[in-house]
Amino acid sequence: MTTQPEQDEERLPSFAEQMADQLGGWRGLVESSVPVVVFVLVNVIADLNPALIASVGIAVAIAVLRLIQRRPIRHAVNGLFGVGVGAFIAWRTGDEKDFYLPGILYGIGYGLALLASVALRQPLVGWIWSVIVAGGKAEWRTDPKLIRLFSRLTVLWGVVWLAKVGVQAALYLADQDTALGVARLVLGYPPYLLLLAFTVWAVRRETRNNAPETEAAPA
């Protein structure tokens with residue numbers, strides 16, 4: 001009977017499982033990047049309209065393929081929506097740089113929301129951790145150390161997000177379309193992967209450090 005709490009704690013998903021869930025696996029990571037890569041390449045070789053058709057077409061093909069294979073399509077649909085909105089705006093304005101505008105606006109909103117959540121003493125990274133990793137539990141709210149940790153992690157995420165979006169916004173305003181496409185790729189998943197890895201490591205490290213105190217409590 002005394003092993004039940006330990007078993008519950010061990011049910012936390014592994015680092016690999018958490019990465020796979022967030023990114024849709026390595027296949028999901030690649031598939032979500034392909035439409036943007038296609039847009040950048042075709043836009044350099046040809047023109048805006050062929051690039052839009054090719055990027056939206058490949059995004060639709062990926063979503064349909066996942067549907068046929070009965071695989072999770074959440075990440076494919078999200079990618080299709082993002083590509084579709086950007087393609088529509090670029091098609092209406094006739095300016096290829098507007099393909100990236102939704103992503104820039106989303107990044108600004110996300111970064112500001114992260115920082116605002118810390119100011120409101122409701123660090124967003126902590127709540128995301130609760131939903132994705134802890135099965136909806138929010139026990140970290142009763143631990144001052146974890147509250148401080150999640151607050152710091154949320155600030156880190158917010159600052160990094162605003163910094164990378166700031167680079168893209170500067171290229172957007174400077175009409176550097178090709179450089180903007182490259183920046184979108186380089187500043188997309190690599191920083192996200194690093195932040196996710198550091199977050200998982202930091203939280204698990206803090207949780208392990210607190211574990212002896214819990215185990216020492218009387219049964």
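Student: How many salt bridges does the count come to?
Tutor: A salt bridge is a side-chain nitrogen of Lys or Arg within 4 Å of a carboxyl oxygen of Asp or Glu. By this rule the count comes to one. The partners are Asp-175 and Lys-97, at 2.6 Å from N to O. Asp-175 sits in the loop between helix 8 and helix 9 (177–186), and Lys-97 in the loop between helix 5 (74–93) and helix 6 (101–119), so the pair ties together parts 78 residues apart in sequence. Helices here are DSSP runs (H or I, at least four residues), numbered from the N terminus.

Before we go on: this is a predicted model, where local features need pLDDT of at least 70 and side-chain atom pairs count only at pLDDT 80 or more, while totals for chains, interfaces and linings use all residues. Residues are numbered from 1 along each chain as its sequence is written, and side-chain values use heavy atoms, with hydrogens and water left out.

Student: Is Lys-97 buried or exposed?
Tutor: Buried means under 20% relative accessible area, exposed over 50%, and partly exposed in between (1.4 Å probe, protein chains only). Lys-97 has 11%, so it counts as buried. Asp-175, with 46%, is partly exposed.

Student: Which residues is Gln-168 in contact with, leaving aside neighbours within four places in sequence?
Tutor: Contact means heavy atoms within 4.5 Å. For Gln-168, those residues are Ile-104, Leu-180, Ala-183, Arg-184 and Leu-187. Gln-168 lies in helix 8 (residues 144–173) and is buried, at 6% relative accessible area.

Terms used: Helix = DSSP H or I, 4+ residues; strand = E, 2+ residues; numbered from the N terminus.
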